[in-house]
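Here is a short briefing on one structure, grouped by topic. Keep the 3D view open while reading.

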Amino acid sequence: MMIPACPLADLPRGEAFRLQTDPPVAVFHTEDGEVYAIDDTCTHQDASLADGWLEGCEVECPLHASKFDLRTGGVDAPPARLSVRTHQVLVEDGMIYVKLSDAPPNLPPSCAAARLGGIAATGGVA
Amino acid sequence: MRSVAVVGASLAGLSAARALRAQGYDGRLVIVGEETHRPYDRPPLSKEFLSGRTAESELLLEADGEDLGAQWLLGARAVGLDRADRAVRLADGRTVRADGIVLATGAAARTLQGGHGLGGVHVLRTLDDARALRADLARGGQLVVIGGGFIGAEVASTAHELGLDVTVVEAAPTPLAGPLGTAMGELVSALHADHGVRLLCGVGVQALSGSRGRVTAVLLEDGRSLPADTVVAGVGARPCVEWLEGSGVALDNGVRCDAAGATNIPGVVAVGDCAAWYDPAVGAHRRVEHWTGARERPAAAVTALLSGGAAVPEPPRPPYFWSDQYGVRIQFAGHAAGADSVTIEEGAADDRSFLAVYRQADRPVAVLGVNRTRPFMRWRRQLAAPAGQRIGAP
Ligand SMILES: Cc1cc2nc3c(=O)[nH]c(=O)nc-3n(C[C@H](O)[C@H](O)[C@H](O)COP(=O)(O)OP(=O)(O)OC[C@H]3O[C@@H](n4cnc5c(N)ncnc54)[C@H](O)[C@@H]3O)c2cc1C
Ligand code: FES
């Protein structure tokens, strides 16, 4: 399914946008002009990668600084151990579209538990 | 350089080994570590691991199948360094000679004077410490935490979550005044009271009393006695550098290094909690005891090591750490010590959700985020930008 994310013009280079899907998706516009989409939730704990530190093709989690490769979702730096799911991106007529992946997401344990109706995820992020 | 020995097999040592391979070093690599465990992550030891939410297998820092082509000597303690032939002497009598040496022996928990030998009295630094403490917390009852620093506060928060009755005792008038300054130290440590955890400040511990070999109470200097089933001393850490005494490596609250981790001995660099790097931003040597420093700085030290000091690595980012207490995310970057003002720029202290900026003569020098991940990251980037490119607010 292709989901319209936002107009490319609204997402400056070096910035990220959070798509409120379930689970949410982060769309990044790199300094080099590439656009990538990955699951927004860090695979380590419940942090939003759209709030992270974007450098080149890598995003650093805002919490414990795990680094993920935006192209592959692979972990470039710990403490995360699982890769983050990537999604296909299409830019057409100035609009960014995201094609959600069919692969299962690697959500962190606290989030997965919350989703299964268990304990609430801790730490309400402002 | 044909051989490198890394001494200390935790975050800083592993990060140095990874940086060596990433920077093209393909010679012999020996990693020496006193603990028998593969490198593991310490922050969860006072948080998710202590509470039981995280399993031991999730603490591992190596990726599945990761192979650095290294020889691991685990359970081996280094006891000396001979600078002349760059040889590390091990407690078991073996010697590791190498062209380059990375010192990454970290820090060890300080212990209470006089608390020895009583059951139920803990420190928290290693996985073994955490296993033992976890087992004692499972008995429930009353916990007294000595020291209101970050580790003490996190243990208090976790034990409270586990249903224990918790008291924190802090000798200083305000906890966390060192890293956060007095005003913010007070705000952050107010989290204890929010959750019904007692915080006693400005009073030292006189003695521990026990019966049948197990602690029963903590006696305070003002005469009070706090009943205790379990006691945790969170009274700081000291760098593990005794083994370097007399080696000629300059020591001064840790291994004294330049701004890229080089020691006074050519071919020897130091990283992580055991190292006091020169920090140009404060004009002094500082031992940074945070996870992110131990993860990032080894890359710079390895660049210096491999180039024989010829290459000038990028300066490290300002020190950053986080702490999780009572479900609240605390994040800090920069240096609070030199600040002459601190103002809350977003949110409100009463909501336990705010962002505070520390300034020195109007220049931002540090930032504290409490449940403010997004703006905190912007400020942190701003602090890391070269001085000329900084603006007042991100
Ligand atoms: C309970 C706890 C919670 C923490 N929480 C946070 C947090 O929330 N946020 C944060 O930023 N930081 C946190 N930290 C700090 C962070 O974990 C450290 O900064 C980091 O572990 C430093 O890594 P290191 O490799 O330099 O040292 P260490 O992790 O201390 O490792 C040093 C290793 O060297 C070994 N060693 C020592 N002496 C010798 C010797 N003579 N020969 C051989 N091996 C030796 C030790 O056994 C050890 O395995 C926490 C630390 C603890 C203990
Ligand atoms: S939540 Fe992302 S690294 Fe911990």
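In which sense do strand β20 (residues 275-279) of chain B and β21(B) pair, and over how many bridges? They pair in the antiparallel sense, over 4 bridges. This is a predicted model.

**Open sheet in chain B**

- The sheet is open and has 3 strands, in the order β18-β20-β21 (chain B).
- Its pairing is mixed.
- β18 (255-257) and β21 (284-287) of chain B are the edge strands, each with a single partner strand, so one side of each has no neighbour in the sheet.
- From one strand to the next, the twist averages 30 degrees.
- Within the β20(B) and β21(B) pairing, B:Ala276 has B:Arg287 of β21(B) as its bridge partner.
- In a regular strand, side chains alternate between the two faces of the sheet.

**Shell around ligand 1**

- There are 32 residues around ligand 1.
- Those that come nearest are B:Ser10, B:Glu35, B:Arg42, B:Lys47 and B:Arg125.
- Sorted by class, the shell holds 15 nonpolar, 8 polar and 9 charged residues.
- Four elements of chain B each supply at least two shell residues: α1 (11-22), α4 (150-161), α7 (291-306) and β22 (320-325).
- Why does ligand 1 lie between domain 1 (3-108 + 238-306) and domain 2 (111-235) of chain B? Both domains give residues to the shell, so ligand 1 lies between them.

- B:Leu11 places a backbone N or O atom 3.3 Å from an oxygen atom of ligand 1.
- A polar backbone atom of B:Ala107 is 3.4 Å from an oxygen atom of ligand 1.
- For B:Trp322, a polar backbone atom is 2.9 Å from a nitrogen atom of the ligand.
- Ligand 1 taken alone exposes 1000 Å², and the protein buries 94% of that.

- Strand β24 (residues 341-348) and strand β25 (residues 353-360) of chain B pair in the antiparallel sense.
- That pairing runs over 7 bridges.
- B:Gly347 has B:Phe354 of β25(B) as its bridge partner.
- How many residues lie between the strands of this hairpin? There are 4 residues between them.
- In this hairpin, B:Arg352 takes a positive phi near 55 degrees.

Definitions and conventions:
Residues are numbered from 1 along each chain as its sequence is written. Chains are lettered from A and ligands numbered from 1 in the order in which they are written. This is a predicted model: local features need pLDDT of at least 70, side-chain atom pairs count only at pLDDT 80 or more; totals for chains, interfaces and linings use all residues. Side-chain values use heavy atoms; hydrogens and water are left out. Two strands pair if DSSP finds at least two bridges between them. Axes are lines fitted to C-alpha atoms, for helices over the stretch in contact, and angles run from 0 to 180 degrees between N-to-C directions. A residue is near a molecule or strand if one of its heavy atoms lies within 4 Å of it. A polar contact is a pair of N or O atoms within 3.5 Å; within protein, one must be able to donate a hydrogen and the other to accept it, and residues adjacent in sequence count only if both atoms are side-chain atoms. Accessible areas come from the Shrake-Rupley method with a 1.4 Å probe; for residues, only the protein chains shown count as cover. Ala, Val, Leu, Ile, Met, Phe, Trp, Tyr, Cys and Pro count as nonpolar, Asp, Glu, Lys and Arg as charged, and the others, Gly among them, as polar. Domain bounds come from an automatic or database domain assignment.
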